[in-house]
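Look at the model below with two topics in mind.

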Amino acid sequence: MSENERSERYKAGMAVRRQVLGDAHVDRASAQMTEFDADFQTFITEGAWGSVWSRPGFTRRERSIVTIALLAALGQDDEVAMHVRATRNTGATKEDIKEALLHVAVYAGVPAANHAIKIVKKTFAEMEADPEPRK
């Protein structure tokens, strides 16, 4: 499907996805896309990014904090790390993430928060070692 054939929700979602995750990440995901996962990529671009992340109710910072907490509660390590890296673009701070993970500990369990803290610390260390986002 060409870019001109994409829905307006897809186009809006792709713009937000690029703003939050960065062009390099989205370009890598697009380059790895196959016929098998193309529909899934369209779904998340329209649904997550075009419908939810595009809503006016929360700031990008707030959505980032909520997303990290939810992913941590679900034990989604790679997604937690990806969204921690995205804080460079959303404005969520280390303090924000620390507070979110305390909520995870209370409402989703100490083991989930403890595991997420390890992922977050590792990701922050990588970000500090490479202060420029990947282009």
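## The cavity and its lining

Helix α8 gives the most to the lining of the largest cavity, with four residues. This is a predicted model. A probe the size of a water molecule, rolled over the atoms, shows where empty space is left. The count here comes to one cavity of 30 Å³ or more. About 40 Å³ of space lies in the largest cavity.

Which elements give two or more residues to that lining? They are α4 (60-74), α5 (77-85) and α8 (110-129). The lining residues are Leu71, Ala72, Gly75, Gln76, Asp77, Val80, Ala112, His115, Ala116 and Ile119. By type, six are nonpolar, three are polar and one is charged. Gly is counted among the polar residues here.

## Two domains

Now turn to the domains. The domain assignment gives domain 1 and domain 2.

How far apart are the centres of domain 1 and domain 2? Taken over C-alpha atoms, 22 Å separate them. The area buried between domain 1 and domain 2 is about 1,000 Å². Carbon and sulfur atoms give 55% of that area. How many salt bridges does the rule find across the interface of domain 1 and domain 2? The number is zero.

Note on methods. Residues numbered from 1 in each chain as written. Predicted model: local features only at pLDDT ≥ 70, side-chain atom pairs only at ≥ 80, totals over all residues. Heavy atoms only, no water. 1 Å grid on protein atoms, 1.4 Å probe; cavity = no way out; pocket = protein on both sides within 12 Å on 5 of 7 lines; lining within 4 Å. Points joined across faces, edges and corners; volume = space filled by probe spheres on them. Domains from an automatic or database assignment. Buried area = accessible area lost by both parts, 1.4 Å probe. Salt bridge = Lys/Arg side-chain N within 4 Å of Asp/Glu carboxyl O.
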